[in-house]
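Open the model in your viewer and keep the selection panel at hand. The stops below go from a sheet to charged pairs, and then to model confidence.

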Amino acid sequence: MAQKIRSADGLLQVIPPPGHPAILPKKGESNILITSALPYCNNVPHLGNIIGSTLSADVFSRYNRTRNRPTLYICGTDEYGTATETQALKEGITPRELCDKYHVLHKETYEWFDIGFDYFGRTSTPLHTEICQEIYQNLGKNGYLEPQSKDQTYCEDCGRFLADRFVEGICPHCGYEDARGDQCDSCSRTLDAIELIKPRCLVNKSHKVVARTSTHMYVKLDTLQPQTEQWIKNAARRGKWSPNSVINHDLEIIDARMKAGLVPAPLTRDLVWGVPVPPLGREDDEIMQTKVLYVWYDAPIGYPSITANYTPEWKQWWFNPQDVNLYQFMGKDNVYFHTVYFPSIQLGDKRDWTTLYHLSTTEYLNYEGGKFSKSRNRGVFGPQARETGIPSSVWRYYLLSTRPESADAMFSWADCITANNNVLLNNFGNFVNRVLKFVSSQYQGVIPESDDLAGPLSPNDSEDSVFISDVNRLLHEYIAVMDAVKLRQGLQTVMAISQLGNGYLQSSGLNKALMISNPKRCAQVVSRAINLIYVLSALVEPYMPATAKAILPQLNAPPRAVPDVLSTDILAGHTIGTPEHLFKKIEESLADKFRDRFGGNEAKAATTTTTEAAASATASAKSKAKGKKDVAAPVFTGVMTQEMIAKEAEITQQGDKIRSLKALPKSPETDARVKEEVETLKRFKSELSQLQFP
């Protein structure tokens, strides 16, 4: 088939897709290093885990490739520590066997979701051990390590110290009954196992747990704190961090641990499965030789060690702060370890590390009115997504369109199906298929001569100035929000551009009658619509790579880079491929079947039982007062307009502002400010509702 594509620097993608070897940073260019939080190798991920780190990082990685920036995306399984030992004990296998099993499950799950790591590794490698031990020895050489003897939980029946997740008990801060030995899942406070009230051994809860003294090595976070604070402020300013649990809008440190003063943190544990503690050439080496490095210490080192397993030139990425920007993706519960703990370790190491540039975190994704729970069969875990028959592109679209960027979000089967049918099928897919089918049936698959010159279309065009200007404005917005890692807003912008395309076809009257009455105008509309599809293939690639891959052979065109403006790139005389539908309708009745299989109907029934009467009474009272019939509250399922996208952005920013205020110490003044900002947030939401339902 004849290809006629405009030739220009930067028009096509030149950065290879994820997984190609020997991706190295280039001096003087914008080099992007991306990590997503390493998943524990003791279970399969659920949808919330996927959207929280790996999928979000993948979108940003693919976006940067469409901008032709050298990009490396690294992830892998976090394999050491008590979580692994505990699960291995439950399954009756060795920690190594457990890690081998779950590493494969994680890898297969991410591959099905089209998550394109350049390398998906693991922390139980010789290179990981080597790098962890080298940093540890540097900390010792630089005077940041000290031994401390403290009471620890000891199981008399097991005959060993119980590290972290081998012990549970009552949280001393909030009273939660099942707090873990390292952290309370209820109040999120970091714990030492010895602090637990009524500790229980997880091997056997009837075992007797007592306190015994053990000596461990600690890193002097208190000594490092002044350097860490200064680094946080500089990094947050430079990388334009969103307010989080460590620093607010005004670049003030708000983390409670830092405000109270950091204390030395343990670097070693009484375990077998882990990185052996290396000698420091000191008297305390003998005490440490039977211990391993703490998982909270070794896990973040997994990022550089996995890179080292990918390329022997790994230091070009990790010791190159002048040329490399590091973006890290994670859930909100991992912020402290990436903004305070690991940067402190890097500072204490005293080498010129590539440190965190921008942090992207998410809140929690819940499931059908409750939480994901494997034990209760609630939610979609690992390979189960494939078993639904819903394509990975649809999963990616729905998860990213509901990405919990500023507040917790809720997964809903009904909403997922609606997103496919109303947005992907009726908006995006309809535009692409309508144009390609018209070219195929009316022009025998060959782009007609439109008299449009190759290159950017003029915003002063006599026929389509508004259309071209609107597309260019949205392209500018897309690039801005994606560079700022506002991924959900970027996706909304893609769909807004697609909707512009549909509107353009309607207002131009593209049909056979136009082809007969005004062939030149018809050819012009076809050319501009085809080139908009080419642009959309680049814009949608980060979000739905399989969809972009399906569009390109239908266009018979190579992958395009994201442009700054709409251009004539596919020229007259170009032959397109065979048009095919990108999406298929999903029957709404499947929502109940999916809830039966994956849980959720019980929450739906409970919600209906408890709220139906109240909602009915409220609606009835309102209609009597207003003299109107009862009307169900509308749910917006249409396409976001630009005003809606802008309003959503305001809502997101306002949510961030409220979160940062709530993180401040409580006072009457702070409470008053929070109340005032909440009212503003309510107003923004009301304005969005008015835009959606005028």
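How many bridges join strand β9 to β10? Select residues 209–219 for β9: 2 bridges join this strand to β10, and the two run antiparallel. Within this predicted model, pick Y218 and look across to β10, where P266 is its bridge partner.

Now widen the selection to the whole sheet. It is open, with 4 strands in the order β5-β4-β9-β10 and antiparallel pairing. β5 (160–161) and β10 (265–266) are the edge strands, each pairing on one side only.

Next, turn to the charged side chains. The structure holds 38 salt bridges. Select R67 and D564, whose closest N and O atoms are 3.7 Å apart in a salt bridge. R67 sits in the loop between α1 (47–66) and β2 (71–77), and D564 in the loop between α18 (545–555) and β18 (567–568), so this pair ties together parts 497 residues apart in sequence. R67 is partly exposed, at 23% relative accessible area, while D564 counts as exposed at 52%.

Move to R180 and D182, a salt bridge with its closest N and O atoms 3.2 Å apart; both residues are buried. Then select E405 and R403, where the corresponding distance is 3.0 Å. E405 counts as buried at 13% relative accessibility, and R403 is buried at 1%. For a network, select D452, D461, E463, D464, R521 and R528, which are joined by salt bridges that share partners.

Finally, colour by pLDDT. The protein's mean is 89, and 90% of its residues reach 70 or more. Residues 605–640 fall below 50; beyond near neighbours in sequence, this stretch has 24 contacts in the model. Where pLDDT is low, predicted coordinates should not be read in detail.

Technical notes
Residues are numbered from 1 along each chain as its sequence is written. This is a predicted model: local features need pLDDT of at least 70, side-chain atom pairs count only at pLDDT 80 or more; totals for chains, interfaces and linings use all residues. Side-chain values use heavy atoms; hydrogens and water are left out. pLDDT is the predictor's confidence in each residue, from 0 to 100. Contact means heavy atoms within 4.5 Å. Two strands pair if DSSP finds at least two bridges between them. A salt bridge is a side-chain nitrogen of Lys or Arg within 4 Å of a carboxyl oxygen of Asp or Glu. Buried means under 20% relative accessible area, exposed over 50%, partly exposed in between (1.4 Å probe, protein chains only).
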